[in-house]
Amino acid sequence: MKKNIFTVATAGVCVAVCATGCTHPGTVENGQALVSKVDSEIVISVLAGQSTSDAGIEDMINEMAAEKYPNLKLEWECVDWGDSFNSQMQGKAAAGDIPDLIIGKAQDAVPYGRNGVIEPIYIEGMERIDEDVRKSVSIDGTMYGLPYNAWYQGVLYNKKIFEQYGLCVPKTRQELNEIVDKLESENIIPFASHFQETWNVGNTTMQFLIGDVFQKEEDWGGQFREEKVGFAKNPVIQKCFQQNEYVLSHSFADAMMIDQYECDKRFAEGGAAMYLTGSWSLQAFEQYAEEGGGYGIFPYPNLTGDSNLIKETNMTFMIGKGSSHKEQVEEILRELLKNEKLMQEILGFTQTYPVVEGMQINYRSSIQQDVERFEEEGRITDAARGNGQLVWSFQNLVAEETNKWLSGEQSLEDVLRYADQNRDSS
C-alpha cells in the first residue's frame, strides 16, 4: 500500500506524521525514500499483522498519535497475519531489527515472550482487561501483550432463509445434515465457503478440533509433542478434517477458487444459507446486503452435541525487545487503553467486541443477541484453548497439505501423517 505523509505544525516545528495506510520497507514516494523530515521527531517502527477486517485501523491510530504526540511518527509495515506475520517476525528477530511496536494476536504474546523478542508490559489500567484474556498473554503472571478486541467464530446463518423453510439452529451433526438436505431439496446452497486461502482452511480445521478435541482435552498438544497421541491413528481427528470436505461438498461449485471477499459478497446477497466463519465477515456484509440485521450465529455442531461458540482475542499490542523508544511506545499503549472514543471507533469499524470489563459496544451487531445468549449459557470456548496447544505456523503448514487433499492431489491419510511427522514444529 502507498504511504502518505502530511505535516503537523507544533511549537514552531514542522513534524512529519504517517497519515494513512501501511507500507513495506524501501517504499519510495515521489522518487525519494521516506525518511525523517526533521531531527527532533522520534520514529516508532510498527509491524502490524493484520486480519481482513483490520486494514484501516492504522489511520485511526495515526490520527490519535498526531493529536496526542506530535513529536512521534509511526512508520507502519502491514502484512497479512495468517500468511506473512510470523515469518516477518522471525526474519527481523534474526537480523536484530525488532520493531518498536508489534501488533499481532493474543496467541503470539506467550511464544514471543518466551523467545525473548518482546518486552513485558507494565502500564496502569491493564487490570480492566478480562482476567481470562490477561492470562492468555501472560507468562508466570506477567503480561507480554495488551489485548485490544475480540471476535466470535462459528456458523453465521441467514435468518430469513431459516425462517422461510422452518429451520432451527442445529446442535448435532444429524440435525445439521437434515438442514443441508432440506436446503438442497429447495435448490439453496447450504454453505458459503472459500477454500482458495490456506488461512481459512487452518481456521475452520481449528474450529472443528476445538469442538471435538481441545474443548475436552486441555493438554492434547503437549501429549502430541511427547508422541503420546497423534493425528494419523485418531478417528476423532480424522472426522474433524473430514468436516472441511463436508462443507466443501455442499458449497459453491467454485469454492476452491474464490477468496473471502467474493464469498462474503455472495453470502450477503443471499447466495447461501450458512457460512462457517467469524464475526470479521460482518464488516463486509454491510457493503453488499440490501437489509442489515438478518444474521445469526451458532457453534458448528461437534460429535457429542455440546459445542461452544469460539471467542478469539484479536489485536494484541506488544513492545519489541530492546526498543530504544520503549517509554514512547508505553505511552501510546496507555492512550489506546484509556481512549474509549478511539476504542469504540475501532470496535465498530472491525465489528469486534471489547475485552475491557464493563465496556459496551455502541454499534449495532446483528449477531449480538445470539452472542449474549451463548455467554449467558456458558457456551463460550476461548480460541486459546486450541491455539495455545498448536501454534499457528504449524496449523498453517497442515492447512496447506489439507488443501492439497481437498484438491485431489493427495489423500487425507497423507495429511495426517504429515502432521505427525512435523510434530516438533507444533
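Close-up 1. K135 is exposed, at 53% relative accessibility (exposed is over 50% relative accessible area, buried under 20%, partly exposed in between; 1.4 Å probe, protein chains only). E131 is partly exposed at 42%. Their side chains form a salt bridge, 3.7 Å from N to O (a side-chain nitrogen of Lys or Arg within 4 Å of a carboxyl oxygen of Asp or Glu). Both residues lie in helix α4 (residues 131-136), four residues apart, about one turn of the helix. Helices are DSSP runs of H or I, at least four residues, numbered from the N terminus. This is a predicted model: local features need pLDDT of at least 70, side-chain atom pairs count only at pLDDT 80 or more, and totals for chains, interfaces and linings use all residues. Residues are numbered from 1 along each chain as its sequence is written, and side-chain values use heavy atoms, without hydrogens or water.

**Close-up 2. The D212 and R173 salt bridge.** The side chains of D212 and R173 meet at 3.1 Å, N to O. The pair links distant parts of the chain, 39 residues apart: D212 sits in helix α7, R173 in helix α6 (residues 173-185). D212 is buried at 8% relative accessible area. R173 is also buried, at 14% relative accessibility.

**Close-up 3. The R385 and E218 salt bridge.** R385 and E218 pair at 3.8 Å, N to O. R385 belongs to helix α15 (residues 384-387), while E218 lies in the loop between α7 and α8, 167 residues away. R385 is partly exposed at 28%; E218 is exposed at 60%.

Notes
Helices (H or I, at least four residues) and strands (E, at least two) are DSSP runs, numbered from the N terminus.
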